[in-house]
Amino acid sequence: MTAVPAKAQAVIIGGGVIGCSVAYHLAKLGWRDVVLLERKELTSGTTWHAAGLIGQLRATANMTKLARYGAELYAKLEAETGVATGFRRVGSLSLALTGERLEELRRGASMARAFDVEAEEISVAEAGRRHPLTNMAGVVGAIYLPRDGQADPGNVALSMARGASNAGVRICEHVKVTGIRVDKARVRGVMTEAGPIAAEVVVNCAGMWGREVGRLAGVHLPLQACEHFYIVSEPSDEIPSGLPVLRVTDECAYYKEDAGKIMLGAFEPNAKPWGVDGIPEAFSFDELQPDLEHMAPILETATRRMPLLRRIGIRTFFNGPESFTHDNRYLLGETPEVAGFFVACGFNSVGIQSAAGAGKALAEWIVGGAAPFDLWDVDVRRTFPWQSTRAFIGPRVSETLGLLYADHFPFRQFATSRGVRHSPLHDALAAQGAYFGEVAGWERPHWFLPRGEAAGRPRPHDTWGRPRWHAHVAAEHMAVRTGVGLFDMSPFGKIRVEGRDAEAVLQRICANDVAIAPGRIVYTQWLNARGGIEADVTIARLDEGAYLVVTSATTVRRDLAWLKRHTPEEARATALDVSSGEACLALMGPNARRLLATLTPDDVSNAALPFASQRNIELGMAHVRAHRISYVGELGFELYVPTEFAKGLMCLLLEAGAALGLRPAGILAMDTLRLEKAFRHFGHDICDEDHVLEAGLGFVVKSEKPNGRFGEFIGRGAVLSKRDLGLQRRLLQFKLEDPEPLLFHNEPVLKDGRIVGFLTSGGYGHAVGAAIGLGYVPCRAEESTEELLASRFEIEVAGRRFGATATVRPLYDPTGARLRG
């Protein structure tokens, strides 16, 4: 058995391409006292049988940046390490068989241009010339990315392993990790069959074993292996060398030429989870039993699409396991449960193309103590422990594998593992005609059907055009703008901060001033040392020693972890997630006060309950805490009540509100309403790499507030520096001049004919009569707002450019008079 050292600066668990990448990049940053542990041999899990496709375009700008880095690294690794990666830049070709798929590909090509990735739409005839083996019957369009490529997956990993080893990293094969030492919520090392290793950093790169390795540290990771199939043809002189990678996603298939053979891989709609009850102890370089019946429909279609396959025959029918996550995004970063325990696993069949970038980003995170840029798309803090249960993750990954090649329609919802978390108002909302979507496991109304239409499970979001529910959302939107609407905000995250030092702790973490009187509410950001936004929350002071932090359902674990890790050890304060303890009904619209006043003996006038305040009121048979705050830009009240009173409160509001035209509204209407008001959305418009001043949120940053017991607020220095140096970019709001196109996000923003950015979020402004969006554009420090807005702006949608009006003030109610009325 291989000997292991007694201690190390970092221990990496797993010797696949991801673990080798993390080791290589840690060494590049000067961490040489690193040990990589592999239970069998390097690449013996899933890396050795990966397809090796190296695409560059991903769903976000930063994921694309990481993928591009991978292609650049693999092209030069051999010169550094002496191990060839087999990287070839052959390009890729994506075919569309439907108009909807072509719209998706065109939008993707536009997004690629915004992300500085070469992409072009080519004719069907040209696609046929570039891939002459392909039958173009039924093809309606094609997109070509010339700088995509392919590589030898095993050698990519071994090349990075050689580079790490040459730099001093110790690689130990045939050493299994049997335990992970954790003390006071911090990792302290690992136990192995060869003895313990003390370490302050442990990295879980265990691939399809990642869930089990996580449990050794008390961390629950939602990933599960699935069977993944491909075939390799017999060699043929008829197969040209250097063919582009071909994707026919409408047929669930990809094709790759390699050494005179064709590899055909599939992402079928109903995948087969594998190893649900555990992976065999001896598993190493193993194949799974072929399932010809399962693959038959795709093979039949493939032989029509590429007739040569029928003639030359199949040399290899391969079935091997790959790990998939609950949402088709990999898991990266420091876990919220255990400090110093990092993960990089669950790569959903994009491990080879993602490995270099993910390894580099995680190494910079480990060494620098913070994410180097926005990685929320893959941040492990987005996950929840219940997502790792077998009852949830098994059915979910049977769907997520196939969704890689499904139509990626806006707002598309998962069909499996639903109904996990319900608001206490769920059944009452369903009776009102709610169509539910899922957010962080919560079933939340997306929209409501008009009376008389049957309710039930959501119909598919199945178009890039105006969906069937567009009119329903518009009606809800306008009801809030002109009358009164009712939202269920119970799933929002709620963190209670209490103790003698609660104020002092929050003063250090919050950029706004939270030394406020009980009954007041502040909107604030939590900043990092760079001035980037780590959280976007409202905070109500309940009494002298207690605050309530309200955040989104998706970020509550992230925010709680940030709060706890930035609370000084000597502080007398506690933070507790109380999200499930209270329901929240949001009464929003110009008639909200009028309705509320008819139901309570308490004074809810503007004088008694002004904007950004809260008080307890009597409402029906419940005592309710009414928060005068709004995310939709209208007069409104968030009504917090113990969950057991929620249903009665909703019935009371609906019955009394009928005379005023009260309308239940869903989260899609909430999103379009906040967009009209240019309210920011964390994860889209603001994140940890967006400076709070460039995001236009300087008005809630109180850099002049006195230092508290624990010093100045985090990020204050970066705020003062940015004020001195000036802004380099600004977040603007855009409205299309043409009312027909639809915006979602990532559409390129053009300034005077040149792409300068992309939309961070988009939707339809029903009150302003056109699609609207938010996006950052570069600016000069000395440039005035008037000079910036004097430019000509356009938004590119699926290859077409549309004129747009830009503004720094909200398109709707720019003075905020309606909000404060």
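**Strands, cores and cysteines**

Tutor: Let's begin with strand β35 (residues 748–751), which pairs with strand β38 (residues 793–797) in the antiparallel sense over three bridges. Before going on: this is a predicted model, where local features need pLDDT of at least 70, side-chain atom pairs count only at pLDDT 80 or more, and totals for chains, interfaces and linings use all residues. Residues are numbered from 1 along each chain as its sequence is written, and side-chain values use heavy atoms, with hydrogens and water left out.

Student: What makes β35 and β38 a pair?

Tutor: Two strands pair if DSSP finds at least two bridges between them. β35 and β38 have three bridges, so they pass. In that pairing, L750 stands opposite E794 of β38. As for "strand", that is a DSSP run of E with at least two residues, while helices are runs of H or I with at least four residues, both numbered from the N terminus.

Student: Which strand forms a hairpin with β35?

Tutor: That's β36, with two residues between the strands, and D752 in the turn has a positive phi of about 50°. β36 covers residues 754–765 and pairs with β35 in the antiparallel sense over four bridges. Within β36, R754 is the bridge partner of K751.

Student: Which way do the residues of β35 point?

Tutor: P748 and L750 point one way, V749 and K751 the other, and all are buried. In a regular strand the side chains alternate between the two faces of the sheet.

Student: Why is G189 called buried?

Tutor: Buried means under 20% relative accessible area, exposed over 50%, and partly exposed in between, using a 1.4 Å probe and protein chains only. G189 has 0%, so the word buried applies. G189 is found in strand β10 (residues 186–192). Leaving aside neighbours within four places in sequence, G189 is in contact (heavy atoms within 4.5 Å) with I180, R181, I197, A198, A199 and V202.

Student: Why are β9 and β11 called edges?

Tutor: The open sheet has three strands in the order β9-β10-β11, with antiparallel pairing. β9 (177–183) and β11 (195–198) each have a single partner strand, so one side of each is left without a neighbour in the sheet. β10 and β11 pair over four bridges, and M191 has P196 in β11 as its bridge partner.

Student: What makes a group of residues a nonpolar core?

Tutor: The residues must be buried Ala, Val, Leu, Ile, Met, Phe, Trp, Tyr or Cys, joined through side-chain atoms within 4.5 Å. The largest such core has 52 residues, and those touching the most other members are I12, L26, Y74, M160, V203, L362 and L375. Its largest share, nine residues, comes from α9. L362 is in contact with residues including V22, V203 and F342, leaving aside neighbours within four places in sequence. A second, separate core of 34 residues includes C172, L288, V338 and F341.
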